[in-house]
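This report is meant for someone meeting the structure for the first time. It begins with the chain as a whole and then turns to its surface, cavities, charged pairs and loops.

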Amino acid sequence: MAERRGGDSMSAMDATRGSQGYEQLIHTWALRTLEGSGAGIVAATRGWPTSRSSLDPEVASMVDFLPQGSALAIERGAVPPTAVEFGFDRAGHRRLVVKRYAGDDAAGRPGRAIVHALIDPSMTLTARSACRLARSGALARDWAFDAVPDPELDRFDPTRVPASDEATPTSDSRTGALMAIILEALTTRIPVVVQRVSDPLPLLDSVLVLLPSALTRDLTFSTYRADPRDSGALLTFESESFGTPWTSGPQRVIPLDEVVVTGPVARVIDAITAGRVLPDGLDSLASIEAHLALEQAVEAGPGQATIDQIRRVLSSDRGLVWWETPGRAAELIDRLTAGGPAAVRDMAGDLRGTPIGERVAGVAVQEAVNRLSRDPVTAARQAAIARQFAVDPWRTHQAIVGRLSELFEASSLGAAHRAAFPEEFARVVAVGRATSRDGRPAGVESLRSVPAGPSPGSAVSDAVPSGSPSPWDLPRSPSGSGRARRRIAARLGALTLVVLSAVALGIWGPGVATWGALAVTTATAAVVLILGERAR
């Protein structure tokens, strides 16, 4: 893990005198304290919420540090731990307490400690910022034996703490193991005691900086407590040298080196350690999983994404950008068409009436119109997608009718079009019959009398009364190639008649009979030519 670099240290008393900031208290051994001489409170803000006495239960709990007999372990070379505790005071305010070993007292006796406590009435302090603050060097590390106690300490100003570089993701096994423990504890709310961690604060900091702040905002922790059962935190680290041997308690005990990560937690950790940056607003394991699934869908594209992944992307704030990627819209319609109307019903319900929903409907109907002549079955599926997403499905009906009308006039309609679009086909045939009665070309021969096509929202059965001939039984007009052959034959016949008249004139010479025959053949040729041209 790339450790973050801390800035220049700042004095514990370097704070603002305004109303903003944290209430603070410092407790240590000194010749003069607010309580007399010896171990006691040496400085506190005026607004500190408890009595300024080491006998106050809350103060006593905060300043409790190393257990009896620690002096012998220190003499043998054991290094006392630094205790960082983040939790809540009895009024429900966020509280950070940092306890450090400070050597001997003025009489040369080991076991002196210095405790710096902060209480945040504004409730802005989080587990991440508390951990960072504890490592910043801004809290008290020493107090002169003969220093004058301060009963009106300034409030602590967190904005004046030097910024530090954040850690970067790593595949370190300890980081992944601790992340798994924290994610499970936050999900189950079961307190955990973590064993076999020699220096927990840097490791905890490297994990908290990778997880969303909203997720760990209320994570309470203690990097050291002489008896972990007294911690009261969701996450507590056990010390092998200065801790009470574990017997039993309400917490789960987990050795860090025995953690096996599986399931959703493993997928989340793999993504984070691979470099994924999670938005700070994610507040649960489920929301992290959903975000990662969304990212995967965005990167994969519609061809590889599931229908549910597509729904997540289109419903998110990244939907329009994703949709407008060149070539993406047509690919997406193909994917939705393959899924079918039933599969996209929920998605259409979520997006209908939204800008992205209208875009989906528009592209779907355009794809249907473009494909209708060569693949009416797929076009019908695309039109069904368009109707599901559109606020006004009648626009889809009109677009299909318009394209079928063009095919009708070109004599390109067939049974496949009739089967794929029965309502629209019925309307086209009915309109064609009406125009035929008005004397305009209908595009179909021998039209029989049936009512006009369906009105918006009606079915074909509503438009055709019982006993009327079905529009599907109407004879189809000649094909385009047949008509072309008729026109050519008519032109050749007319030309043949003219040639024969000329030959007759050359053989028999001019005369009344010859000119009469020529007039008749010319008129016949003109009639044949006109009839042939009407075959269009």
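## Basis and overall picture

A residue is called buried when its relative accessible area is under 20%, exposed when that area is over 50%, and partly exposed in between, as judged with a 1.4 Å probe and the protein chains only. By this rule, buried residues make up 46% of the 536 residues in the chain. The model is predicted, and for that reason local features need a pLDDT of at least 70 and side-chain atom pairs count only at pLDDT 80 or more, while totals for chains, interfaces and linings use all residues. Residues are numbered from 1 along each chain as its sequence is written, and side-chain values use heavy atoms, with hydrogens and water left out.

The chain has 20 helices and ten strands, where helices (H or I, at least four residues) and strands (E, at least two) are DSSP runs numbered from the N terminus. If a contact is taken to mean heavy atoms within 4.5 Å, then among contacts between residues at least 6 apart in sequence, 66% join residues at least 24 apart.

## Surface

The chain exposes about 26,000 Å², and carbon and sulfur atoms supply 53% of this area; accessible areas come from the Shrake-Rupley method with a 1.4 Å probe, and for residues only the protein chains shown count as cover. On this surface, L495, V499 and V503 make a nonpolar patch of about 260 Å². Patches are made of residues with over 30% relative accessible area and no salt bridge, with like charges joined within 9 Å and nonpolar side chains (Val, Leu, Ile, Met, Phe, Trp, Tyr) within 5 Å. V499, one of the patch residues, lies in helix 19, which covers residues 480-508, and at 44% relative accessibility V499 counts as partly exposed.

## Cavities

A cavity is a set of points, on a 1 Å grid over the protein atoms alone, where a 1.4 Å probe fits but cannot get out, and its lining residues have an atom within 4 Å of a point. Grid points are joined across faces, edges and corners, and a volume is the space filled by probe spheres set on the points. The count comes to two cavities of 30 Å³ or more.

## Charged pairs

Side chains of opposite charge can pair when their charged atoms come close. The structure holds 25 salt bridges, a salt bridge being a side-chain nitrogen of Lys or Arg within 4 Å of a carboxyl oxygen of Asp or Glu. In one of them, R95 pairs with E58, and the closest N and O atoms are 2.9 Å apart. Because R95 lies in strand 4 and E58 in helix 1 (residues 57-63), this pair ties together parts that are 37 residues apart in sequence. R95 is buried, with a relative accessible area of 14%, and E58 is also counted as buried, at 9%.

D205 and R135 form another salt bridge, at 2.7 Å from N to O. Here D205 belongs to helix 5 (residues 200-208) and R135 to helix 3 (residues 127-135), so the pair ties together parts 70 residues apart in sequence. D205 is buried at 1% relative accessibility, whereas R135 is partly exposed at 25%. A further salt bridge joins R252 and E184 (2.9 Å, N to O); since R252 lies in strand 10 (residues 252-255) and E184 in helix 4 (residues 173-188), parts 68 residues apart in sequence are tied together. Salt bridges that share partners also join D56, E58, R90 and R95 into one network.

## Loops

G92 sits in the loop between strand 3 (83-88) and strand 4 (94-104), and its C-alpha atom is separated by 9.8 Å from that of D120, 28 residues apart along the chain. G243 is found in the loop between strand 9 (235-237) and strand 10, and the C-alpha atoms of G243 and R225, 18 residues apart along the chain, are separated by 7.1 Å.

M123, in the loop between strand 5 (110-120) and helix 3, has a phi near 60 degrees, a positive value in a residue other than glycine. R189, in the loop between helix 4 and strand 7 (192-195), has a positive phi of about 60 degrees although it is not a glycine, and R189 is partly exposed, with a relative accessible area of 47%.

How values were computed. On a 1 Å grid over the protein atoms alone, a cavity is a set of points where a 1.4 Å probe fits but cannot get out, and a pocket is an open set with protein on both sides within 12 Å along at least five of seven lines; lining residues have an atom within 4 Å of a point.
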